[in-house]
Structures are given as structure tokens and as C-alpha cells.
Amino acid sequence: ANNHDDNDNPVASCGFQNNDKGVMNHLCGLPHLNYGDDYSHVALEPYELETLAAFRQRFYDSAPPMIDYTTGEEKKDSSSHHQFECNETNLISRRVLTPQYVFSHDKLPPSGWRPLDDCTLYRFLLADRQKDGKFDMEASYQRLIAALLFRKQYRSDVIVYNIWNELSPPTHVQRCKEMRVAIWAGTDYNSRPVVFERLGQFFSSGNATLMTEEEWEESYLYFLETHFCKMRQISMKSGVAIDRIVYFADFSGVVSSIMNRKIWKVIPLLKRLVKKVESHYPEIVDHITLFNVPTIASAAYKVVRGFLDPVTADKIELFSGVPSERFKELMGEDVIPAEYGGRNDIDYPQTLR
């Protein structure tokens with residue numbers, strides 16, 4: 001089926017039913033999912049399951065005391081282990097941990113702590129897995145706690161609410177989207193959202209300096225949270241658990257950015273977004289394809305790769321032109337934008353300059 005029809009395309013619409021709360025838990029409340037052969041969370045080894053169980057225990061042991069939000073005081077008859085009612089179930093063993101909660105941003109504790117399902121917990125474990133296969137549970141735990149605090153401080157739940165309810169983003173976020181163009185084109189053969197971005201045009205536009213760093217950060221949060229929205233909606237419609245996207249960046253225009261040196265004004269912004277924002281959203285990209293990458297751009301690419309998370313960097317593949325055959329290996333022609341040889345006539349605007 002064509003994946004870019006806004007009327008029935010799970011990638012095009014993110015409206016949810018009441019109480020479909022989850023934020024980080026984008027698969028929360030979907031207990032009847034089917035699992036594809038390549039679903040990464042199905043066939044875990046005993047060591048992986050044991051590590052996950054220990055990680056889950058440590059996380060729930062860190063739950064803060066229940067707070068009476070009408071007074072701001074700790075409830076005397078509460079314990080940290082009973083403030084949330086959670087089904088003792090496990091997504092990875094084909095049961096679903098479904099935290100039963102509906103928290104607004106204002107009802108979260110100062111730490112941002114909230115119940116998490118195993119899919120989310122395992123994402124954070126994978127982010128710090130060593131090349132020899134061993135997990136660094138301490139690093140993953142610190143990453144997770146930092147991510148929860150970040151979400152609280154940056155009001156990520158408000159952004160998620162706005163996306164769920166299809167509310168217009170702030171004016172500056174919409175402006176940033178026009179100055180750094182990306183689209184969700186459909187789904188690949190594994191039902192993962194497909195993202196195309198005009199990254200080369202952004203490099204050459206000089207747009208990075210036209211908005212404040214804080215405005216770019218909020219815009220990027222909308223971008224990342226929309227990934228989860230798409231994955232949840234696809235999971236709801238297809239019955240398959242989706243926890244990754246695939247990303248394609250068009251580097252057309254990057255040569256002029258090198259010649260006019262505007263690219264060196266973009267790189268500090270990208271570094272800031274990766275370190276300050278993206279690090280709190282680990283393991284959501286299956287692979288990254290950069291195309292129309294000229295040889296002259298290799299130096300800039302090496303600089304960018306240097307501040308990427310090593311796990312993320314290892315997922316990158318480069319092509320000097322448009323890799324039509326590679327695209328067709330990953331997705332149907334009805335998903336590939338027409339300008340890259342596909343049949344997808346989705347609106348894919350040029351970068352505002």
C-alpha cells in the first residue's frame with residue numbers, strides 16, 4: 001500500500017485514543033503485538049535477560065517517595081515501591097510491562113522519574129553496551145536518570161501532548177522546521193518510519209545562526225518526539241512492535257557550504273544538539289544513510305562523526321550519489337521521494353533561506 005496517504009497512513013497522523021500515555025514508553029499499553037523475525041527484543045540471551053532484570057530492579061528501587069501534589073509533602077503512609085501500580089510483565093519475554101499512570105508534567109517528581117517498560121529500559125542498556133557484548137549497567141543507569149531529569153526540565157511531556165493532540169507548535173519551532181527540512185516519507189519493509197532530510201541545504205543556508213540555540217533545541221525535541229509518535233501509531237495499526245526509525249540525509253548543497261564556510265557555523269549547533277539533546281534518546285535509529293556526499297565533504301564528515309555516539313556512528317553508510325538500488329532494498333518505490341527516483345509525491349519542500 002502507498003504509505004503517504006494522510007487519510008490512512010500511520011506515519012502521517014499521530015492522533016491517539018484517550019489514556020494512550022507513554023512518552024518514553026511508546027509501546028506501553030499494546031499487549032497484543034506480533035513480533036517480526038528481526039524484532040530486536042525477542043530472542044535475548046540469558047545474560048541479556050539477567051542484566052535487564054537487574055537493571056529493572058535497580059531502576060524501580062530508585063523510585064522516589066509518593067508526593068501529595070496538593071501540599072507538596074511526602075505522604076507518610078507511602079513507600080517508594082508502592083507509588084505506582086505496574087503489571088509485573090515483560091515485553092521482551094512477550095509479555096508487556098504496562099506502567100499504569102497518567103502524569104502531567106506538573107505531577108512528575110523533581111527527578112522526572114516515571115515507570116518505564118522493558119523496551120525503554122533495554123534501549124538504555126544497549127546505548128552503553130561494549131564491543132565485547134558486555135553491558136555497562138552503571139553508565140546506562142546514569143544515562144537514564146539524566147534523561148528523565150532532562151525531560152522534566154525541558155517539559156518534554158508538554159511537547160508530547162502537543163504532538164498527540166495535533167496542536168500547532170510554537171511559531172519558532174515551525175520556523176525552524178522550515179529552515180531545516182525533514183519529512184516522514186512512509187515506512188520501510190520492516191514497518192519502521194522512514195525519514196528524509198535536506199541536510200546539505202541546511203549546511204549551506206546559514207540558517208543555523210538565525211535562531212537561538214534554545215529555539216533549535218526545542219525544535220529538535222519536537223523532531224525526536226515525533227519519531228516515537230510515528231512508531232507507536234504504526235505499532236497500533238500493524239500489530240508489530242516498532243522501536244527504530246531509518247534515516248536518510250541528502251547532502252546536496254554541502255559543497256557551497258564548504259566554499260562559503262557556512263558549514264563551520266552549523267557544526268557547533270549539531271554538536272550541541274547531539275550532546276545536550278540526542279544523548280537522551282538512545283537507540284532509536286536502525287541505520288543512517290548519507291547520500292550525495294562529495295569527496296570534498298569528507299573532512300567535515302570526520303569532524304561530525306567525531307562527536308557522535310560510537311554506536312550511532314557505526315550505523316552510518318555513505319554514498320556519493322543517489323543510491324537507488326540501496327533505497328529499493330530497504331523500502332518500496334511508493335515510499336522513495338520522486339526526486340530520488342521513487343513514486344512518492346509527498347510534499348518535500350526546499351529549505352527556507
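# Briefing on a predicted protein model

Of the 353 residues of the protein, 53% count as buried, and the model from which this figure comes is a predicted one. The secondary structure comes to 12 helices and 9 strands. Among the contacts in the protein with a separation of 6 or more, 78% are accounted for by residues 24 or more positions apart.

**Packing of α1 and α2**

- Two packed helices are described by the angle between their axes and the distance between the axes.
- For helix α1 (residues 46-61) and helix α2 (residues 118-127), that angle is about 105°, and the axes lie 10 Å apart.
- The two helices α1 and α2 are therefore roughly perpendicular to each other, since an angle of 65 to 115 degrees counts as such.
- On the side of α1 the contact is made by E48, T51, L52, F55, R56 and F59, while α2 contributes D118, L121, Y122, F124 and L125.

- Rolling a probe the size of a water molecule over the atoms shows where empty space is left.
- The second largest pocket has a volume of about 800 Å³, and of the 40 residues that line this pocket, Y220, V274, E278, L308 and T312 are the closest to its centre.
- The elements that give two or more residues to the lining are the helices α6 (199-205), α7 (213-238), α9 (263-276), α10 (298-307) and α11 (310-313), together with the strands β7 (245-250) and β8 (285-291).
- Helix α9 gives the most to the lining of the second largest pocket, with 5 residues.
- The residues of the lining divide into 29 nonpolar, 3 polar and 8 charged.

- L330 has its place in helix α12 (residues 324-330), and with a relative accessible area of 13% L330 is buried, because buried means under 20%.
- Leaving aside neighbours within four places in sequence, L330 is in contact with D188, Y189, F248 and H287.
- L330 and N190 are 140 residues apart along the chain, yet their C-alpha atoms are separated by 8.3 Å.
- N162 is found in helix α4 (residues 156-164), and N162 counts as buried at 15% relative accessibility.
- Not counting residues up to four places away in sequence, N162 touches L167 and Y222; N162 and Y222 are 60 residues apart in sequence and 9.3 Å apart in space, C-alpha to C-alpha.

**Residues with a positive phi**

- Most residues other than glycine have a negative phi, and most peptide bonds are trans.
- S191 has a positive phi of about 65° although it is not a glycine, and S191 lies in the loop between β5 (182-187) and β6 (193-197).
- With a relative accessible area of 22%, S191 is partly exposed.
- E283 also has a positive phi, of about 55°, although it is not a glycine, and the place of E283 is in the loop between α9 and β8.
- With a relative accessible area of 12%, E283 is buried.

Note on methods:
Residues are numbered from 1 along each chain as its sequence is written. This is a predicted model: local features need pLDDT of at least 70, side-chain atom pairs count only at pLDDT 80 or more; totals for chains, interfaces and linings use all residues. Side-chain values use heavy atoms; hydrogens and water are left out. Axes are lines fitted to C-alpha atoms, for helices over the stretch in contact, and angles run from 0 to 180 degrees between N-to-C directions. Helices (H or I, at least four residues) and strands (E, at least two) are DSSP runs, numbered from the N terminus. Angles under 35 degrees count as roughly parallel, over 145 as roughly antiparallel, 65 to 115 as roughly perpendicular and the rest as oblique. Contact means heavy atoms within 4.5 Å. On a 1 Å grid over the protein atoms alone, a cavity is a set of points where a 1.4 Å probe fits but cannot get out, and a pocket is an open set with protein on both sides within 12 Å along at least five of seven lines; lining residues have an atom within 4 Å of a point. Grid points are joined across faces, edges and corners, and a volume is the space filled by probe spheres set on the points. Ala, Val, Leu, Ile, Met, Phe, Trp, Tyr, Cys and Pro count as nonpolar, Asp, Glu, Lys and Arg as charged, and the others, Gly among them, as polar. Buried means under 20% relative accessible area, exposed over 50%, partly exposed in between (1.4 Å probe, protein chains only).
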